[in-house]
Amino acid sequence: MDELFERHRDMLDAALAAARSRAFWTPFPEVPSGKVYGETAREDGAAGFAALRDSRLDLPGHPGTDWIGAEVSPFGGALGITYPAADAAALIAAAQAAAPALAEAAPETRVGACLEALVRLNRDSFLMGHAVMHTTGQPFAMAFQAGGPHAQDRGLEAVAMAWDEMTRFAPAARWEKPQGKAAPIVLEKHWSLVPAGLSLAIGCNTFPTWNSYSGMFASLATGNPVIVKPHPAAVLPLALAVRTLRAVLAEAGLPADSVLLAVDRKGAEITTRLATDPAVRLIDYTGSGAFGAWLRSHATQAQIFAEEAGVNTVTIAATDDFAGMCANLAFSLALYSGQMCTAPQNIYVPEAGIDTDQGNRSFDEVGRALAAAVDALLSDPARAAGVCGAVANPATLARIAETRARGRILRDSAPLGQGRTATPLLLALNDGDPLAEEECFGPIGFVIAVPDADAGIRRAADLARRKGAITAALYDTDESRIARAARAFVAAGVNLSVNLTGNIFVNQSAAFSDFHVTGANPAGNASLTDTAFVANRFRRAMWRRPVAA
């Protein structure tokens with residue numbers, strides 16, 4: 001049995017048990033504490049990141065004819081890190097050369113290597129936290145968690161699901177069919193796993209590891225070489241992951257080129273050439289709907305697992321904790337400056353107001369209370385910086401400026417501190433305003449007047465069905481209406497959270513329990529991580545022959 005596989009077998013078994021029960025479990029602690037990761041882990045991570053700046057990040061044996069990199073921290077300053085770069089043809093050729101050995105390896109060998117890589121990535125979570133912070137703009141605590149342990153959870157979840165699918169059926173069988181008085185027909189049958197082909201992981205700017213690990217590890221575990229194409233503004237986190245994976249694969253006797261890094265220059269992008277190469281049979285993509293549509297039209301040879309744009313909603317019908325509701329929504333709107341695929345945007349409020357534990361609150365009072373809750377949350381500069389972080393893409397600031405004139409301002413956006421920053425913009429809109437049909441990515445929220453609570457539920461569910469949504473939220477005290485809403489959002493293929501007022505937020509998605517994205521509406525065609533996410537990454541082929549009776 002494979003040594004790495006045996007080393008981590010208990011973790012794999014526990015991951016499978018958690019995935020089946022959907023109960024809380026993680027082997028990777030999310031608290032950035034020296035008591036967990038070692039007394040010098042924080043300092044070592046900071047020093048490791050400082051050492052990477054203004055240098056070449058070497059990937060031993062990686063194909064490359066040039067060194068490329070132009071990352072700039074949203075908090076200010078160029079990183080100065082360059083990476084080995086090769087053209088699309090060279091990367092495809094290297095991956096194809098690695099493919100036979102990876103495919104022929106036992107599932108235990110591939111899975112063992114993936115598990116070992118995740119454990120090593122976990123040890124480097126402080127370094128990864130700095131890398132994610134300074135490429136995405138996430139505040140450090142969030143960058144540590146989302147870029148480190150939570151991303152590792154998603155990778156482990158995918159490996160566990162892949163292992164479960166690969167071992168669901170017997171690899172060999174003695175098949176004996178009775179023939180009455182005649183001798184039975186006896187066959188020996190053997191089944192081999194056949195990987196789909198090369199896999200392309202197209203990373204995003206905001207959550208490079210969290211959104212990419214599932215596809216990367218699912219493909220590797222099932223025998224498909226992976227070419228990792230990071231967003232040009234967030235190369236470092238995925239380059240560090242590629243470096244770790246290549247080292248572990250080599251130690252496991254597998255080709256290091258089973259994982260490759262694809263970097264390019266602005267104006268000389270290689271993503272489309274990689275995506276349309278006949279050898280690329282799997283594409284994992286997180287990003288805009290426009291490029292997602294391009295992939296579906298042009299990369300027709302590949303199966304695409306995509307997470308794209310959507311409009312997430314909140315419907316406020318009633319609440320028995322008005323202050324708690326406002327505080328919870330304020331945090332959800334402000335967290336990482338609204339740059340999460342799960343962040344709420346449209347907040348539907350009955351035009352006649354809502355019943356609360358503080359009495360009836362009018363539409364305007366609800367809007368003012370939400371704005372005041374955001375102000376209170378961000379009143380302390382240090383806490384505000386730790387919640388909002390920085391803005392990853394300058395286009396987000398331009399979107400805020402363009403949007404602010406399109407509604408009645410309840411709370412204006414303003415710079416926060418160091419780097420490229422913006423606090424939430426809240427606008428009041430009338431029912432039917434076309435602006436509410438658009439995804440306005442970033443710290444932008446709309447409080448929308450609707451005829452009544454049921455109309456708000458209908459608007460939100462219909463929007464999810466037509467435009468896509470990853471999350472929906474409802475605040476209500478009427479159990480029958482809550483049940484109707486649950487049915488409506490299930491039919492729209494969107495996950496619903498009801499009456500969140502404590503330290504759990506609609507933005508959050510937990511590995512081993514929450515299926516992130518349902519794949520059932522236009523916001524995405526795949527879910528992290530269900531069996532459909534891994535099963536089509538390989539097929540089974542049989543050989544058989546008669547056995548003498």
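**A pocket and a buried strand in a predicted model**

Guide: The second largest pocket holds about 1,200 Å³ of space. This is a predicted model, in which local features need pLDDT of at least 70, side-chain atom pairs count only at pLDDT 80 or more, and totals for chains, interfaces and linings use all residues. Residues are numbered from 1 along each chain as its sequence is written, and side-chain values use heavy atoms, without hydrogens and water.

Visitor: Which residues are the closest to the centre of the second largest pocket?

Guide: A pocket is an open set of points on a 1 Å grid over the protein atoms alone, where a 1.4 Å probe fits, with protein on both sides within 12 Å along at least five of seven lines; lining residues have an atom within 4 Å of a point. Here 42 residues line the pocket, and His 150, Asn 507, Gln 508, Ser 509 and Ala 510 are the closest to its centre.

Visitor: Is strand β5 buried or exposed?

Guide: Buried means under 20% relative accessible area, with a 1.4 Å probe and protein chains only. Strands are DSSP runs of E of at least two residues, and helices are runs of H or I of at least four, numbered from the N terminus. In β5 (residues 198–202), 5 of the 5 residues are buried, so the strand is largely enclosed by the rest of the structure. Leu 198, Leu 200 and Ile 202 point one way, and Ser 199 and Ala 201 the other.

Visitor: In which sense does β5 pair with β8?

Guide: Two strands pair if DSSP finds at least two bridges between them. β5 and β8 (residues 280–286) are parallel over 5 bridges, with Leu 198 opposite Val 280.

Conventions: Buried < 20%, exposed > 50% of the residue type's maximum accessible area, 1.4 Å probe, protein only. Points joined across faces, edges and corners; volume = space filled by probe spheres on them.
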